Amino acid sequence: MQTWKEFDANIVTHSAAHHLMAIDDLVRRLGYARVSDVARQLNITRGSVSITLQPLKKAGLVLQDENRHLRLSPAGQKLVDGIKTKRHVIQRLLSELFGVDGQQAEIDACKLEHLVSNETARRMISFLAFLDSDRPAATEFLRQWGSFDLSCSQ
Amino acid sequence: MEDHVSGLSDSEVVVELNRLFAEEVEAAIRYLHLANAVRGVEQLIAGPKLREGFHETIRHAEIIARKIRELGAVPSLQLSLSLPATRLGAKEAFETALTFEEAALEAYQDLLKRVAGNVALEEFIRSQVAIESEHVAELKQLLAD
């Protein structure tokens, strides 16, 4: 599939990712999540939440019981855990390695977290693990990178 | 001003009414979009019903806005809406309408529990619950066969 088509076919849109993470957060904090709770957390209407959740329910990522309480299926939970990990990794790379301002790094990580493939995320984690290690090569890399100052104009 | 009967202050009631206002305005926009997203022969069947939904939900929004004004406030509205240029079948459009109508019904039902004791507001919300229940039942009937 062409990349742009794959992008469009992704069921976990930016909005959907936030809905899934809101359910995860509410269940952790309150022990339950209703459509109204998700709507309040995301500051949108219940109608909007219900419509966004429809394809996620059909895909088996979100479950709703007879009391209309929402929870993530094991597949949904795995997806959310993956998104959270990717957000953390991207945020670290942007802020700690690239020197992007913390708030901007958080915003950009939020935009990318649901789009990065697992394979790329794994390589990013390996790279961070390398930088965190006490290998002389990692220390030297960070030293060289820190002193490298090539602006876009150059 | 505190409404000791229902336990909600006027400002809290305004917050709740603003939420309902947003539900109704957004539902109206969705109805308008759905009415135009259904094309071809199916437009003949679904178009009038969906336009009727648009007019009715806008009327509900106006009633809620009036209730907010009666409490001395100005309605506030914040919507986050993106409606794709995708053709829909009548069934799909009615299913979408059912989803947001059910959400609106639940919103009224929840508020009804919270305003118990405030006769005027309770009466208003109760009548809205009845109307929304009818909408939901009607849509379910349309989708039944």
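1. Chain A of this predicted model has eight helices and two strands. Helices (H or I, at least four residues) and strands (E, at least two) are DSSP runs, numbered from the N terminus. Along the sequence the pattern reads α-α-α-α-β-β-α-α-α-α. The radius of gyration of chain A, taken over C-alpha atoms, is 19 Å, well over the 15 Å that the globule rule gives for 154 residues, so chain A is more spread out than a compact globule. That rule is 2.2 Å times the number of residues to the power 0.38.

2. The C-alpha atoms of chain A fill a box of roughly 60 × 35 × 25 Å along the principal axes. Of its 154 residues, 28% are buried (20 or more other C-beta atoms within 10 Å of their own; exposed means 12 or fewer, partly exposed in between; C-beta atoms are placed from the backbone).

3. A:Gly31 sits in the loop between helix H2 (14–30) and helix H3 (35–42) of chain A. A:Gly31 is exposed because it has 8 other C-beta atoms within 10 Å.

4. Chain A gives ten residues to the contact with chain B, and chain B gives 14. Contact means C-beta atoms, placed from the backbone, within 7 Å. On the chain A side, helix H4 (46–58) supplies the largest share, six residues.

5. Numbering starts from 1 along each chain as its sequence is written, and chains are lettered from A and ligands numbered from 1 in the order in which they are written. Local features need pLDDT of at least 70 and side-chain atom pairs 80 or more, while totals for chains, interfaces and linings use all residues.

Notes:
Contact = placed C-beta atoms within 7 Å.
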